[in-house]
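Biologist: Hello! Could you walk me through this model, one question at a time?

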Amino acid sequence: MKGFNFNVVEIYEEPRKKILPKLDSKGYGPEMSEFESGFLCGLIKEFRPDTIVEAGVAGGGTTAVILQCLLELGMHECDLYSIDYSEKFYRDKNLKTGFMGEQAKQLAGIPFRHHVCLGNIACNYMKQYGCNIDFLIIDTMHILPGEILDFITLLPYLKDGCIVVLHDISYGLISDLTQGYATSVLFSAVTAEKYLNYDKRQKGRYPNIGAFRVSDETRRNAGNLFLSLIITWSYLPDMKQLKEYRKAVREHYSEEMLEIFDNAVRMNYESWSRNRKLSVRCKKAVQQLRKFAAFMKHKLTDNKGYGKQV
């Protein structure tokens, strides 16, 4: 059977090449590779959005590239919302989340419509600002339920035709974090027109970035996204976050979808509880084995004839 065809985008790497040498990155850089930044900027160049939301900021390297891209394309009136739950850069708590993006704004010397939103989940900011998003970048936890919850709760604020960019769609296979497949699950489960470019410089490797275009069909098939929450979670969001996510699901989705969400939360908490108890029992068993091994070693030392045939 003839298969599904992915769309491709013209790679646009110039913004990254221009801005990165100017930044004091403190030894860090964008979380995306040069090719991945080029894919992102190529989509911005092709679709010229009015409102961009960046969910997951880290040090702000990608923010800086986006701002330079807007500068190059003369898109100064575009609203850019950079959102992160953490107020400090996760790799260096002495640095503020998004510090490289702030440098890029100062270097540009022109006022951008850039809104930095830290300390809350993304959908709460969208409710606050009342956005109609036409371009979304999700680059958050990489492990379940991270990006699934982000997208489910942001979907009500996305325009039809909104481009959604997912970073690290092959992260679980190219890094030591084998559970890093949340964006891959989302990219697979969503019903949408999809974009996927292969980097010719890395032959034989599946891309680590992809995108899709939201449509009415995406909304009608959102149940598939909720079903993906039944896959075992790799971390448990804190109760404050879960209450906020639940509030958003209850506001925008059916009772059936809310029930799936509630079941996913309950079952994953129960699973974690069982595994924690199992882990405690395993640790106790290992301790007992170590004590027994030490006893046997002492026994063999004290009884020289032990274990020998007479």
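Modeller: Gladly, and a definition comes first. On a 1 Å grid over the protein atoms alone, a pocket is an open set of points where a 1.4 Å probe fits, with protein on both sides within 12 Å along at least five of seven lines, and lining residues have an atom within 4 Å of a point. This is a predicted model, in which local features need pLDDT of at least 70, side-chain atom pairs count only at pLDDT 80 or more, and totals for chains, interfaces and linings use all residues. Residues are numbered from 1 along each chain as its sequence is written, and side-chain values use heavy atoms, with hydrogens and water left out.

Biologist: Which residues lie nearest the centre of the second largest pocket?

Modeller: This pocket holds about 220 Å³ of space, where a volume is the space filled by probe spheres set on the points, joined across faces, edges and corners. Its lining has 15 residues. Those nearest the centre are Ser-33, Phe-35, Glu-36, Asp-199 and Gln-202.

Biologist: Which helix gives the largest share of the lining of that second largest pocket?

Modeller: Helices (H or I, at least four residues) and strands (E, at least two) are DSSP runs, numbered from the N terminus. The largest share of the lining of the second largest pocket is 3 residues, and they come from helix α2.

Biologist: What is the volume of the largest pocket?

Modeller: The largest pocket is lined by 38 residues, with Gly-56, Asp-84, Asp-139, Thr-140 and Met-141 nearest its centre. Among the elements that give two or more residues to this lining are β1, β2 and α11. The volume of the largest pocket is about 830 Å³.

Biologist: In β3, which residue is the bridge partner of Tyr-81?

Modeller: Two strands pair if DSSP finds at least two bridges between them. Strand β2 (residues 79-84) and strand β3 (residues 113-118) pair in the parallel sense over 6 bridges. In β3, the partner of Tyr-81 is His-115.

Biologist: Is Thr-178 buried or exposed?

Modeller: Thr-178 sits in the loop between α7 and α8. Buried means under 20% relative accessible area, exposed over 50%, and partly exposed in between, using a 1.4 Å probe and protein chains only. Thr-178 has a relative accessible area of 58%, so Thr-178 is exposed.

Biologist: What percentage of the residues of the protein chain count as buried?

Modeller: The protein chain has 12 helices and 7 strands. Of its 310 residues, the share that counts as buried is 48%.
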